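Dear colleague,

Here is the structure for you to look over. My notes follow below it.

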Amino acid sequence: MAKHTVTLIPGDGIGPELTTAMTRVVEATGVDIEWEIAEAGAGVMDKYGTPLPEHVLDSIRKNKVAIKGPITTPIGTGFRSVNVSIRKELDLYACLRPAFSIKGNGARYDDIDLVIVRENTEDLYAGIEFEQGSEGARKLIEFAAAEGAGRILPDSGISLKPISITRSRRIVKYAFDYGIANGRKKVTAVHKANILKHSDGLFLRVAREVAEEYRDSGIEFEDYIVDATCMQLVLHPEWWDVLVLPNLYGDILSDLAAGLIGGLGIAPGANIGADCAVFEPTHGSAPKYAGKDMANPTAEILSSMLMLKHLGETAAADGILGAVRAVIGEGEKVTYDIKRSVTGSTDGCVGTQEYADAIIARL
Ligand code: NAD
């Protein structure tokens, strides 16, 4: 029996070719791993009547660890994002998105090493919404007026922003524990507490309480307003270490951080819960590149690096990161997006699998 059994969700669009490149790299490290393949997305709708069949979730629950390719959310079909559903069903409350520079990839900066810890389950993403003109919206508007909370125009649609003590505490504790386990120095809580007193204000209050509990951990704590954070991230990306954020700010700032390090093609991610963890790149299924052997598998491969760390396979994880750095640093066998960032042209780029071959050769 293999030492690790991992659920593999190939996804769609560029997902299958990226996960093929990724599994080849992981297997080349020599780690004893068995992939339990579980298909999800629009392609399984006809067979199972749902894009996220229960056996896929059961496989993740059983193996506790999964890695996936991106999955398209078709517009107008009415089915919820499979990616969001997986996070919700398994209560994967922490979205971890490390952003670190890889020299030679043409990014604007080469000295970034920060980690975004995004709360994954509440805030404006809780999905509690009232459509403009609905009975619910009308009642809520009346209620707000009767409570003296404020006047909402009658033709408004409304999305609620719940932020709880329980989940704020859980995510800030996760950020500190991650910091301790990974030799980090500082946790910054990012918020808009000056305006949103009862949601972000609560998040900040809880973050300060948790920071107090970790006072002897050696990890410094600070808080920052989200708009100022955006500006300072661009001006001084080297200042930042671990940032912990409510869901929406976390989503936006992780793409900002991906931009700082050279784009979506190299930004890995993980969704972590108390029982299970699902690793996936930050980017989507890029349908226009599907099946063309062009897409950059780095984000998928670095997601496997995070997965191997999670599994305690540190040497294999370090080996993969070293090989990725070496191949990108040399700049010869890189995919079109990196070639273009560095030289201004895609001439001389290689395909997805040839890039993976170059990484395997450097392991
Ligand atoms: P996207 O990330 O798929 O692509 C945007 C553009 O970024 C692409 O056209 C391409 O130019 C570039 N790009 C992305 N990944 C790349 C890679 N690996 N190599 C090279 N270039 C790359 O974003 P989108 O077009 O907004 O989304 C497409 C679909 O993916 C949507 O249905 C969306 O819902 C879904 N999505 C899925 C996930 C996920 O599975 N977690 C995340 C985001 C979006």
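Which residues of helix α3 (residues 54-63) are buried? They are Val56, Leu57, Ser59, Ile60 and Asn63. Buried means under 20% relative accessible area, with a 1.4 Å probe and protein chains only. Helices are DSSP runs of H or I of at least four residues, strands are E runs of at least two, and both are numbered from the N terminus. Seen down the axis of α3, the buried residues fall within an arc of 155 degrees, so they line one face of the helix. That arc is taken from the directions from the helix axis to the C-beta atoms. Their cover includes β1 (4-9), β2 (33-37), β3 (65-68), α4 (82-89) and β12 (277-279), counting contacts as heavy atoms within 4.5 Å. Lys64 follows α3 and has a positive phi, near 70 degrees.

A word on the source. This is a predicted model: local features need pLDDT of at least 70, side-chain atom pairs count only at pLDDT 80 or more, and totals for chains, interfaces and linings use all residues. Residues are numbered from 1 along each chain as its sequence is written, and side-chain values use heavy atoms, without hydrogens and water.

Now the ligand. Of the 22 residues around the ligand (a heavy atom within 4 Å), Thr73, Asn83, Gly284, Ala286 and Asn296 come nearest. A polar backbone atom of Thr73 is 2.8 Å from a ligand oxygen atom. For Gly284, a backbone N or O atom lies 2.7 Å from an oxygen atom of the ligand.

Best wishes

Key:
Buried < 20%, exposed > 50% of the residue type's maximum accessible area, 1.4 Å probe, protein only. Polar contact = N/O pair within 3.5 Å; in protein donor to acceptor, adjacent residues only side chain to side chain.
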